[in-house]
Amino acid sequence: MASSLSVLVLLLCALPHVLGTSCKLLRPTNTGGLEAGLIIVPGAYIKGTAYQPLAQTIQQLSPHKLWVGLTDGYLTDLPNPLELPSAIQACKQAIVRDGMTSDVFFIGAHSLGGTFLQMYLSDNPSQATGMLLWGSYLTSSYPLATFPVPVLTLNGDLDGLVRLGYSWKKYREFTSLNFSSITVSQKPVVVVPGLNHGHIASGTMPPLILDMDLPADLTMEQAHRLIANTSANFMVANTPNITLGQQMEAVRHLQNQINVTGMLLVGFTVVSAFEFDGELSPWVNGAQLQIIGAPGELENKLTVKIKMVDNIFELGSNKPYIEKSGDKVTVHVYAKLDYPFNPIDNSEPYVSTNMLSAKMKRQSAVAKELGPGDYNSPQTCKDLNQYAFQIASMFVSGRAMTRYRQKGRQLTFGEDDMKTTGSGWLSAGLTFEDQPDGTVKVTSPALVTSLNVPFGLDGMHYCKLLSPFRALEYIYTDSLRHVS
């Protein structure tokens, strides 16, 4: 689901294609049960026939008399909006010619194929009884609540192309819907532990997947059975005239998978709130309190107030300051979230902020107003980044933390990159640098001024900070890229 592939597909759509698409037909292996069809759209640069092992596993586990059509022959093996409608119709026609009498058709798609399938079905909902997205998801243009056909979203926690954060976003969207058995059957969001992006197809994967995907915990056969079981239950739950018992059992299975997904993703929900809770950044609030390190007897006299700003110009034009009223001290802090630019909701960027830009006051400046006491040792931006990683580690699943420790590229933390001017700090960013020993070093730009600097610039402590949420995403996904 990479943005560069989307652009390439649109360019290819402008070219003539004289060969046309094709369809490989798989006849039912189960001659009993209600008839249904499943049409599969491949991912980018993957042959349609690479999905035959998964399709056959779905046929084995499904109670349907299930016909399968594998769409293939796209120009340069890229599914695209121009060829997709005719490819789907060709498979439907081939299945009907071969003997299927039902009008129940599900359509499944992998990766970029899912991006274009959702575009097609949003405009042509009568073409499918339901949609199955594997290694894919509904982008922000297509809200889950209003998508016109039932949709299964199924991804792996080791999918290197669909970050786990995007599955968390879809799961959060699912939990915002009115809960009912209908919601479970028609809009399920499932994350399969141990599954990666390449597991959905078979054979040698294209270079992008080989480069970006994560080492899997499952064999191909194990992965296909897990995908097939959930996919078959989704189709049962949404097949008209299915028996009530079959439908209830299918919904029960889907609910169990959703429960597993919720437990796996709970850390994302908790840690994302440290970054931004809808009004301010609790992490920046905590960072300022850590920098101050006030003794316990003075803490009730201290308040930190954060002003979130929207752009670098507003951040540059405001300075933190201290207000004192009687023995009460209020520290006013300015902070900015720096989220990746992602207008088309593709799954390459982090879901979390690239960094938290925080303009805070240094310990000595606050102590001067708050009064003497046994303050903690002065903290650096590096110290705060280490705390962020520690917080993230507390909310990572045990299995994921074991992976990180055994296989992952470990995060280390460099000394602060001290800047001498506000503009130098403002234009610098938090850096992640690969090291020769295989680790990745995180370094914060910092600006710290003494108490005797004139023009209201005294006692500043500026940091570009690592968010605990960013650290969480790193542990789950980025630490495992390019490792054996």
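These legends walk through several close-up views of a predicted model.

**View 1**

**View 1. Strand 5 beside strand 6.**
Here we zoom in on two neighbours. Strand 5 (residues 130–134) and strand 6 (residues 151–156) run parallel, joined by 4 bridges.

**View 2. The disulfide of Cys23 and Cys91.**
A disulfide is a covalent bond between the sulfur atoms of two cysteines. In this one, the sulfur atoms of Cys23 and Cys91 are 2.1 Å apart. The link is right-handed, with 110° about the S-S bond. Cys23 belongs to strand 1 and Cys91 to helix 3, so the pair, 68 residues apart, links distant parts of the chain. Are these two cysteines buried or exposed, or something in between? Cys23 counts as partly exposed because its relative accessibility is 25%, while Cys91, at 0%, counts as buried.

**View 3. The disulfide of Cys381 and Cys463.**
The model has 2 disulfides in total, and this view shows the one that joins Cys381 to Cys463, with 2.0 Å from S to S. The link of Cys381 and Cys463 is left-handed, with -80° about the S-S bond. Cys381 is found in helix 13 (residues 381–394) and Cys463 in strand 17 (residues 460–465). These two cysteines are 82 residues apart, and their bond links distant parts of the chain. Both Cys381 and Cys463 are buried. If you count the bonded cysteines along the chain, the disulfides follow the pattern 1-2, 3-4.

His110 lies in strand 4. Is His110 buried or exposed? His110 counts as buried because its relative accessible area is 0%, and the cut-off for buried is under 20%. Which residues does His110 touch, leaving aside those up to four places away in sequence? The contacts of His110 are Val41, Pro42, Gly43, Ile46, Tyr51, Trp134, Gly135, His197, Ile200 and Ala201.

**View 4. Helix 2 crossing helix 8.**
Helix 2 (residues 52–61) and helix 8 (residues 220–237) pack with their axes 8 Å apart, at an angle of about 55°. Because of that angle, helix 2 is oblique to helix 8. The crossing of helix 2 and helix 8 is right-handed. From helix 2, look for Pro53, Leu54, Thr57, Ile58 and Leu61 at the meeting place. The residues they meet in helix 8 include His224, Arg225, Ile227, Ala228 and Asn229. Further along helix 8, Ser231, Ala232 and Met235 also take part in this meeting.

Conventions:
Residues are numbered from 1 along each chain as its sequence is written. This is a predicted model: local features need pLDDT of at least 70, side-chain atom pairs count only at pLDDT 80 or more; totals for chains, interfaces and linings use all residues. Side-chain values use heavy atoms; hydrogens and water are left out. Two strands pair if DSSP finds at least two bridges between them. A disulfide is a pair of cysteine sulfur atoms within 2.5 Å. Buried means under 20% relative accessible area, exposed over 50%, partly exposed in between (1.4 Å probe, protein chains only). Contact means heavy atoms within 4.5 Å. Axes are lines fitted to C-alpha atoms, for helices over the stretch in contact, and angles run from 0 to 180 degrees between N-to-C directions. Angles under 35 degrees count as roughly parallel, over 145 as roughly antiparallel, 65 to 115 as roughly perpendicular and the rest as oblique. A crossing is left-handed if the near helix is turned anticlockwise from the far one by less than a right angle, and right-handed if clockwise.
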